[in-house]
Amino acid sequence: MDLVGSTSAIIPASVAVPLGGAALMAGFSWLLPRWARDLIAIAVALATTTLTLILMASSASRPMIYWFSGWRPAGDMAIGIDYAIGPLGAGMASLAGLLASAALIYCWRYFDSARGRHHALVLIFLAASVDFCLTGDLFNLFVAFELVAVTAFALTGYNAGHPAPLQGAINFAVTNSLGGMCVLMGVGFLYARTGSLNLAQIGQTLTGRHADGLIVVAFALLTGGFLIKAAVVPFHFWLPDAYGSAPIPVCVLFAVIRVWDTVFSGLAGGSGPEKTVLLGFGILTAVVGAVMALAQIQLKRMLAFVTMSHLGIYLIGVGLLTPLGLAGASLLVIGDGLAKSALFLGVGVLQHQRASVSEIKLRGRGRGLAVTGFTIVLGALVLADLPPFVSSVGHALLVAAADQAGLPWIEIVIALSVILSSGAVLRAAGRIWLGWGDSESSRPDTGTADDPGEEAEDRSDTADADGKLGANGLTGVDRDQDGRERSGRLRRVPLTMVLPPLALLAIGLGLGLTSGIEEHAAAAFSDRAAYAAAVLGTHGGSIPTGGRVVVPASPAASAGGVLTDLGQVLAALCVAGIALDRRAVALRRALAAGTGWLRRLHSGLVGDQVTWLAAGLALLAALSEAALH
Amino acid sequence: MQALALTDVVVGAAVTALLLALAVQVHKRAGTLDPDELGATRN
């Protein structure tokens with residue numbers, strides 16, 4: 001309360017700073033030398049991260065409400081647009097800031113930053129993500145959603161000369177634009193029914209009402225639109241093509257929860273059936289992602305499927321709809337998010353230094369990149385919930401929540417997905433650094449040109465390194481400079497590419513070693529009535545916070561949790577070993593044949609993806625009807 | 001209400017412009033505008 005006066009200026013600044021930085025980048029970067037451009041972009045991203053961390057600290061005990069332009073609610077009606085900042089929202093915003101900073105540091109002197117466009121895009125993406133995480137207004141949520149989407153499309157298709165990222169960008173853009181339209185329609189219907197766009201107000205208006213057809217449709221459209229962006233099965237087909245822009249699906253997932261929680265949870269009928277819907281989608285996503293990850297040879301696609309599988313796990317945690325499950329999911333999100341980002345950056349180093357991202361082509365060529373190898377292996381182990389890291393704490397909470405909800409078999413599903421997806425990454429690491437495994441893919445239906453697009457990308461990268469101008473239309477001068485710099489540095493990996501992934505993993509370790517983090521996470525979920533009171537009611541009085549959630553902290557429970565996590569890590573290593581062992585070829589061929597139908601479904605054709613989207617929405621609508629009536 | 005509609009028009013315009021830019025790039029690169037013809041991301 002005492003900090004409100006000074007921190008209230010921070011709130012709009014957390015969005016204004018990156019936007020201002022982006023404008024600076026886009027407008028004035030031609031004036032600045034290259035090092036200045038990179039430095040300013042990194043400084044802006046780090047400043048934004050700091051601001052959101054301050055917000056997270058100040059909102060720990062009660063939500064902070066900020067009304068733009070001073071439009072306070074009149075009587076009981078919310079007139080203006082507000083930011084409703086809780087520790088969860090601010091935490092997600094901080095994660096986005098951290099990952100953006102790491103990406104910008106990583107891109108130092110690697111990315112062609114002529115005219116500052118790339119940096120401007122990243123900063124706008126960051127501003128929109130922060131806006132998305134902090135806002136309490138439904139339409140603002142939609143606008144931020146679309147802005148995140150547009151900048152993500154642009155960043156994905158940035159290297160527009162290469163065919164694979166380009167087609168990936170189109171698939172991404174088409175499916176996610178359709179998702180945006182769904183969200184817009186849902187928002188429109190809710191506005192029509194309740195006459196307000198403020199989340200808290202809508203929630204109040206809908207409290208106690210029975211869900212009629214319009215609300216069911218609005219619910220299905222809103223949820224469906226968000227799930228498309230979150231890459232949940234069956235809306236996930238765009239993700240491997242878009243090479244995983246890391247923090248979006250996760251932030252969106254928590255937005256789904258926020259919207260459900262504030263808007264729809266007051267409807268008469270309880271929350272039981274919705275739980276089943278989310279759990280079902282989550283389990284499906286986790287399993288499909290894990291299986292597809294094992295089947296991949298191209299490292300970036302593999303990581304995209306690993307991301308998807310873990311998102312399914314978060315969805316399971318969220319679908320339990322208990323504060324404990326949500327707390328576990330949020331800790332997992334942070335720990336896994338840091339590790340996944342480290343993995344993506346590590347694979348980027350491989351691409352930069354060895355000009356390939358195919359596991360088969362890179363076999364044995366990992367010599368000389370020991371630090372990157374360590375990063376990738378450590379990242380994979382963290383994803384498998386290696387004990388002192390924060391992801392294992394989250395995993396323990398999740399398991400406890402599943403037990404409380406009477407669904408202990410979910411733990412097996414989660415363990416299986418985690419083991420398979422980490423095993424896939426470890427297998428790749430073993431093949432690349434230790435030279436184990438076959439030199440040919442064991443899949444009968446692929447030739448050596450598994451990903452012709454990626455091959456072309458590799459070839460044109462090495463061609464440019466020779467100093468020739470690429471045929472891809474980028475300005476010749478910068479490409480040449482890049483080529484010369486890169487070929488001069490082929491022996492040594494620049495520190496700016498090696499340190500950020502390690503730093504991210506170290507943060508995960510630090511958070512995991514912080515005692516009491518479970519209590520902080522569990523206490524972060526206030527109930528709807530308190531939220532509504534905070535937004536619409538008086539601002540001077542004290543606000544009742546939700547009851548403290550009891551976190552099982554007995555030594556026996558935590559020891560058991562550590563053993564489970566270690567068991568998962570060992571199992572992942574075993575999976576990797578089996579995958580590489582020459583004696584297990586028959587087993588691998590059988591598994592490949594058995595999952596062939598799943599792989600063929602991922603055809604990369606945008607028409608297929610949209611069809612699945614429509615089918616998924618219909619399914620969601622039917623389930624919502626059953627759940628809410 | 002009108003402000004919302006106008007905001008949405010702007011958002012829609014940005015998305016459409018970006019999709020158009022991507023389509024132009026695809027045509028430059030692959031010579032076709034038929035998405036089924038692009039085979040780069042087959043699994």
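Biologist: In which helix of chain A is A:Phe28 found?

Modeller: This is a predicted model, and the answer is read from its secondary structure. The helix in question covers residues 10-28 of chain A. A:Phe28 is found in helix α2.

Biologist: Is A:Phe28 buried, partly exposed or exposed?

Modeller: Buried means under 20% relative accessible area and exposed means over 50%. The relative accessible area of A:Phe28 is 47%. Because that value lies in between, A:Phe28 counts as partly exposed.

Biologist: Which residues form a nonpolar patch on the surface with A:Phe28, and what is their accessible area together?

Modeller: The patch is made up of A:Phe28 with A:Leu24, A:Trp30 and A:Leu31. Together these residues have an accessible area of about 480 Å².

Biologist: Is A:Phe226 buried or exposed?

Modeller: A:Phe226 is placed in helix α9, residues 213-229 of chain A. Its relative accessibility is 2%. The limit for buried is under 20%, so A:Phe226 counts as buried.

Biologist: Which residues does A:Phe226 touch, not counting those up to four places away in sequence?

Modeller: A contact here means heavy atoms within 4.5 Å. On that basis, and leaving out residues up to four places away in sequence, A:Phe226 touches A:Phe132, A:Leu141, A:Phe145, A:Val183, A:Val252, A:Val256 and A:Val259.

Biologist: How far apart in space are A:Phe226 and A:Ala400?

Modeller: In sequence, A:Phe226 and A:Ala400 are 174 residues apart. In space, the distance from C-alpha to C-alpha is 27 Å.

Biologist: What percentage of the contacts in chain A between residues at least 6 apart in sequence join residues at least 24 apart?

Modeller: Chain A has 25 helices and two strands, and 60% of its 629 residues count as buried. Of its contacts between residues at least 6 apart in sequence, the share joining residues at least 24 apart is 82%.

Biologist: How many helices are there in chain B?

Modeller: Chain B has 43 residues, of which 23% are buried. Its accessible surface is about 2,800 Å², with 66% belonging to carbon and sulfur atoms. There are zero strands in chain B, and the number of helices is one.

Biologist: Is B:Asp34 buried, partly exposed or exposed?

Modeller: B:Asp34 is found in the segment after α1 (2-30) of chain B. Its relative accessible area is 33%. Since this lies between 20% and 50%, B:Asp34 is partly exposed.

Biologist: Which residues gather with B:Asp34 in a patch of negative charge on the surface?

Modeller: The patch holds residues from chain A and chain B. Gathered there with B:Asp34 are A:Asp608, B:Asp36 and B:Glu37.

How values were computed
Residues are numbered from 1 along each chain as its sequence is written. Chains are lettered from A and ligands numbered from 1 in the order in which they are written. This is a predicted model: local features need pLDDT of at least 70, side-chain atom pairs count only at pLDDT 80 or more; totals for chains, interfaces and linings use all residues. Side-chain values use heavy atoms; hydrogens and water are left out. Helices (H or I, at least four residues) and strands (E, at least two) are DSSP runs, numbered from the N terminus. Buried means under 20% relative accessible area, exposed over 50%, partly exposed in between (1.4 Å probe, protein chains only). Patches are made of residues with over 30% relative accessible area and no salt bridge: like charges are joined within 9 Å, nonpolar side chains (Val, Leu, Ile, Met, Phe, Trp, Tyr) within 5 Å. Accessible areas come from the Shrake-Rupley method with a 1.4 Å probe; for residues, only the protein chains shown count as cover. A salt bridge is a side-chain nitrogen of Lys or Arg within 4 Å of a carboxyl oxygen of Asp or Glu. Lys and Arg count as positive and Asp and Glu as negative; His and the chain ends are not counted. The place of a charge is taken as NZ of Lys, CZ of Arg, CG of Asp or CD of Glu.
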